[in-house]
Amino acid sequence: MGMSYMLLAGIIMLMSWLVSSRLKSKFEFYSKLRLQNGMSGAEIAEKMLADHGIRDVRVISTPGQLTDHYNPKDKTVNLSEAVYNQRNAAAAAVAAHECGHAVQHAQAYQWLTLRSQLVPIVSVASNFVQWILLAGILMIKVFPALLLVGIVIFAATTLFTIITLPVEYDASNRALAWLKNKHMLNQAEYNGAEDSLKWAARTYVVAAIGSIGTLLYYISIYMGGRNR
């Protein structure tokens, strides 16, 4: 594992911290930009769903911060308490983005469908893949196939992070298009929503880069072990 792994992990952690910090500061800033229309995040979400003819999705409040998500199983747009209740550019951006996922679901967007199919596999794999990889590295000389199994499983989780990118970017594009076409925000508010979603999307880019880098590192260990 050595220095190369520590360097890789350090770079990924630094990238993640920088993007997360920037995202937090952006949301704090745009949370102070109150909407002229006076609508809350919940009201923005309900209108976007209605404008897309979606009647079977509920908008509900969920505890915590950055807990916003769309649940395709019970068809709910879950907004964190702040987003659900507040009336600012950041809340509008998040609410519309999550509704973007509901629109994807209603229209059978292929990337969302594929990601949903991978969720059960990734959920199970993430519970034990690190242990398999660790055991595979320790036993590389006597049982290299074990590390290969771990790499294949980890590749599935990496694929999930890659597929997540078009899903998230498309949801943001749908959200911004609706906010603009329906004149929900003035220019300053729209710019704030766009900037917020841009930085939120970058967290997924960093996650994908980190997963790909880690996968390549494990592959290099496996190839090196086989060549000894």
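1. Which helix gives the most to the lining of the largest pocket? In this predicted model, α5 does, with seven residues.

2. The largest pocket has a volume of about 1,300 Å³. It is lined by 43 residues, and Leu 66, Thr 67, Asp 68, His 69 and Glu 98 are the closest to its centre. By class, the lining holds 19 nonpolar, 16 polar and eight charged residues. Elements that each supply at least two lining residues include the strand β2 (69–71) and the helices α1 (2–30), α4 (89–106) and α6 (144–181).

3. Seven salt bridges are found in the whole structure. One of them pairs the side chains of Arg 115 and Glu 168, at 3.2 Å from N to O. Arg 115 belongs to helix α5 and Glu 168 to helix α6, so this contact ties together parts 53 residues apart in sequence. Arg 115 is buried at 15% relative accessible area, and Glu 168 is buried at 5%.

4. Asp 170 forms a salt bridge with Arg 174, with 2.4 Å between the closest N and O atoms. Both residues lie in helix α6, four residues apart, or about one turn of the helix. Asp 170 is buried, with a relative accessible area of 17%, whereas Arg 174 is partly exposed at 21%.

5. In helix α2 (residues 41–51), Asp 51 and Lys 47 are four residues apart, which means a separation of about one helical turn. Their side chains meet in a salt bridge of 3.4 Å, N to O. Asp 51 is partly exposed at 33% relative accessibility, and Lys 47 is partly exposed at 31%.

Definitions and conventions
Residues are numbered from 1 along each chain as its sequence is written. This is a predicted model: local features need pLDDT of at least 70, side-chain atom pairs count only at pLDDT 80 or more; totals for chains, interfaces and linings use all residues. Side-chain values use heavy atoms; hydrogens and water are left out. On a 1 Å grid over the protein atoms alone, a cavity is a set of points where a 1.4 Å probe fits but cannot get out, and a pocket is an open set with protein on both sides within 12 Å along at least five of seven lines; lining residues have an atom within 4 Å of a point. Grid points are joined across faces, edges and corners, and a volume is the space filled by probe spheres set on the points. Ala, Val, Leu, Ile, Met, Phe, Trp, Tyr, Cys and Pro count as nonpolar, Asp, Glu, Lys and Arg as charged, and the others, Gly among them, as polar. A salt bridge is a side-chain nitrogen of Lys or Arg within 4 Å of a carboxyl oxygen of Asp or Glu. Buried means under 20% relative accessible area, exposed over 50%, partly exposed in between (1.4 Å probe, protein chains only).
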